Amino acid sequence: MSIAVTTQIICFSVLSLVVIIGALGVILLENIVYSAFLLGGVFMSVAGLYLLLNASFVAAAQVLVYVGAVNVLIIFAIMLVNKKEDLKAIENIKSRRIISTSICLTLLSLLIRVDLSNTWGLAESNASIGEESTIRIGEHLFSDYLLPFEVASVLLLMAMIGAIVLARRDVMNEDISTGLPVDQELIEKPNEPLLIKKN
């Protein structure tokens, strides 16, 4: 075993541990801000795994789209949520936990079944496409995987609309300077000038 192979195994092990521990932290921590930052760490670790697979374009897309867009959008949505409202008790929390746990276990069993039923062959190092990988990805995105590509764009659009709705809902009820009530539909409302000449 050469030094390069040993280094790759160490990097893969570290990144895999970060992905597993970060994913568990995302779903188990009660503080949603910590969960959002751990989700960003999971996305970065997945980008590192893509780099180990010599897929630099996919790694860059992972960082730009998921870390730079989706995770930042989630953090902004958390920041824009009204914290003045008290948390209400969730109805039927036990049944919801049972349903979500059963769905997660079903997905895990499907992944394990796919992993054990297939024979995973290693690609030869001479067969690497190198710089042509970006061209191949573009061809597949706009031919074979056009529908999932468009569905992903609609999903990002829905996330952006949700962030806008959350931001507009958090408009203050009264103006700080005058104390007058402010219409929720209008962000700016003409009021008396702030600087008034005193006699």
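Just after helix α2, Asn 54 takes a positive phi of about 65°, helices here being DSSP runs of H or I with at least four residues, and strands DSSP runs of E with at least two, numbered from the N terminus. The model is a predicted one, in which local features need pLDDT of at least 70 and side-chain atom pairs count only at pLDDT 80 or more, whereas totals for chains, interfaces and linings use all residues. Residues are numbered from 1 along each chain as its sequence is written, and side-chain values use heavy atoms, with hydrogens and water left out.

The protein chain contains 6 helices and 0 strands, and its pattern along the sequence reads α-α-α-α-α-α. Of its 199 residues, 12% count as buried, where buried means under 20% relative accessible area, exposed over 50%, and partly exposed in between, with a 1.4 Å probe and protein chains only. Among the contacts in the protein chain with a separation of 6 or more, 44% are accounted for by residues 24 or more positions apart, a contact being defined by heavy atoms within 4.5 Å.

Helix α2 comprises residues 32-52 and helix α3 residues 56-80; their axes come within 8 Å and cross at roughly 175°. Axes are lines fitted to C-alpha atoms, for helices over the stretch in contact, and angles run from 0 to 180 degrees between N-to-C directions. The two helices are therefore roughly antiparallel to each other, given that angles over 145 degrees count as roughly antiparallel, under 35 as roughly parallel, 65 to 115 as roughly perpendicular and the rest as oblique. On the α2 side the residues that meet α3 include Ile 32, Phe 37, Phe 43, Met 44 and Tyr 50, while those in α3 that meet α2 include Val 58, Gln 62, Tyr 66, Asn 71 and Ile 78. By class, this contact has 19 nonpolar, 4 polar and no charged residues, with Ala, Val, Leu, Ile, Met, Phe, Trp, Tyr, Cys and Pro counted as nonpolar, Asp, Glu, Lys and Arg as charged, and the others, Gly among them, as polar.

The 21 residues of α2 should span 30 Å at 1.5 Å a residue, which agrees with the 30 Å separating its end C-alpha atoms; the expected span is 1.5 Å times one less than the number of residues. At the start of α2, a side-chain oxygen of Asn 31 reaches to within 3.1 Å of the backbone nitrogen of Val 33.

The buried residues of α2 are Ser 35, Ala 36, Gly 40, Val 42, Phe 43, Ser 45, Ala 47 and Gly 48. Ser 45, with a relative accessible area of 6%, touches Leu 15, Val 18 and Val 19, residues up to four places away in sequence not being counted. Val 42 has a relative accessible area of 10% and, under the exclusion of residues up to four places away in sequence, touches Val 18, Val 19, Gly 22 and Ala 23. Val 42 and Leu 17 are 25 residues apart in sequence and 9.9 Å apart in space, C-alpha to C-alpha.

Met 160, found in helix α6 (residues 146-169), counts as partly exposed at 44% relative accessibility. Met 160 and Leu 73 are 87 residues apart in sequence and 7.6 Å apart in space, C-alpha to C-alpha.

Methods:
A polar contact is a pair of N or O atoms within 3.5 Å; within protein, one must be able to donate a hydrogen and the other to accept it, and residues adjacent in sequence count only if both atoms are side-chain atoms.
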